[in-house]
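Here is a short briefing to read alongside the model on your screen.

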Amino acid sequence: MVIELRLTNKNFNTYEEFEEKQQQTDEILEYIDGIIYMSPPPSIKHQRISSFLHGELHQVLKNSGCEVFSAPTDVLFLSLSFCFTFSISM
């Protein structure tokens, strides 16, 4: 379940506003199509599966020059004006 968190009276937030709000809270926030969402923490089942997959991917990609991260990581494409967050979803 993802809870929508409207942080301004405008219909959409900028990515800069999202980054500012992220610095002001310990909550997990997501930025999707100009809307800032507050996410609940992952379940125990999600954590178990995610940990297993992280270990397996790490072993497969070891010495390949690739990296595996155990938490969502933002990738911002400045020329395209949007952000991707990659994570494992259950």
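This is a predicted model: local features need pLDDT of at least 70, side-chain atom pairs count only at pLDDT 80 or more; totals for chains, interfaces and linings use all residues.

A residue counts as buried under 20% relative accessible area, as exposed over 50%, and as partly exposed in between (1.4 Å probe, protein chains only). Residues are numbered from 1 along each chain as its sequence is written, and side-chain values use heavy atoms, with hydrogens and water left out.

**The overall fold**

- The chain has two helices and five strands; helices (H or I, at least four residues) and strands (E, at least two) are DSSP runs, numbered from the N terminus.
- Read from the N terminus, the order of elements is β-α-β-β-α-β-β.
- Helix 2 covers residues 44–61, and its 18 residues reach 25 Å from the first C-alpha to the last, close to the 26 Å expected; the expected span is 1.5 Å times one less than the number of residues.
- Of the chain's 90 residues, 14% count as buried.
- Among contacts with a separation of 6 or more, 35% come from residues 24 or more positions apart, where contact means heavy atoms within 4.5 Å.
- The accessible surface comes to about 7300 Å², and 56% of it belongs to carbon and sulfur atoms; these areas come from the Shrake-Rupley method with a 1.4 Å probe, and for residues only the protein chains shown count as cover.

**The aromatic cluster**

- Rings of Phe, Tyr and Trp (its six-membered ring) pair if their centres lie within 6.5 Å; planes under 30 degrees apart count as stacked, over 60 as edge-to-face and the rest as tilted.
- This rule gives three aromatic pairs, one of them the tilted pair of Tyr 15 and Phe 18, at 5.5 Å centre to centre and 50° between the planes.
- Because Tyr 15 and Phe 18 are three residues apart in helix 1 (residues 15–23), about one helical turn separates them.
- Tyr 15 also pairs with Tyr 31, this time edge-to-face, at 5.5 Å centre to centre and 80° between the planes.
- That pair links distant parts of the chain, with Tyr 15 in helix 1 and Tyr 31 in strand 2 (residues 28–32), 16 residues apart.
- Together, Tyr 15, Phe 18 and Tyr 31 form one aromatic cluster.

**The nonpolar core**

- A nonpolar core is a set of buried Ala, Val, Leu, Ile, Met, Phe, Trp, Tyr and Cys residues joined through side-chain atoms within 4.5 Å.
- The largest one has five residues: Tyr 15, Phe 18, Leu 29, Tyr 31 and Ile 36.
- Helix 1 and strand 2 each supply at least two residues of this core.

**The hairpin and the positive phi angles**

- Strand 2 and strand 3 run antiparallel and are joined by five bridges; two strands pair if DSSP finds at least two bridges between them.
- Tyr 31 stands opposite Ile 36 in strand 3, a strand with four of its five residues buried.
- Two residues lie between the strands of this hairpin, where Asp 33 takes a positive phi near 50°.
- Asp 33 is exposed, with 67% relative accessibility.
- Just after helix 2, Asn 63 has a positive phi of about 65°.
- Asn 63 lies in the loop between helix 2 and strand 4 (73–77) and is exposed, at a relative accessible area of 78%.
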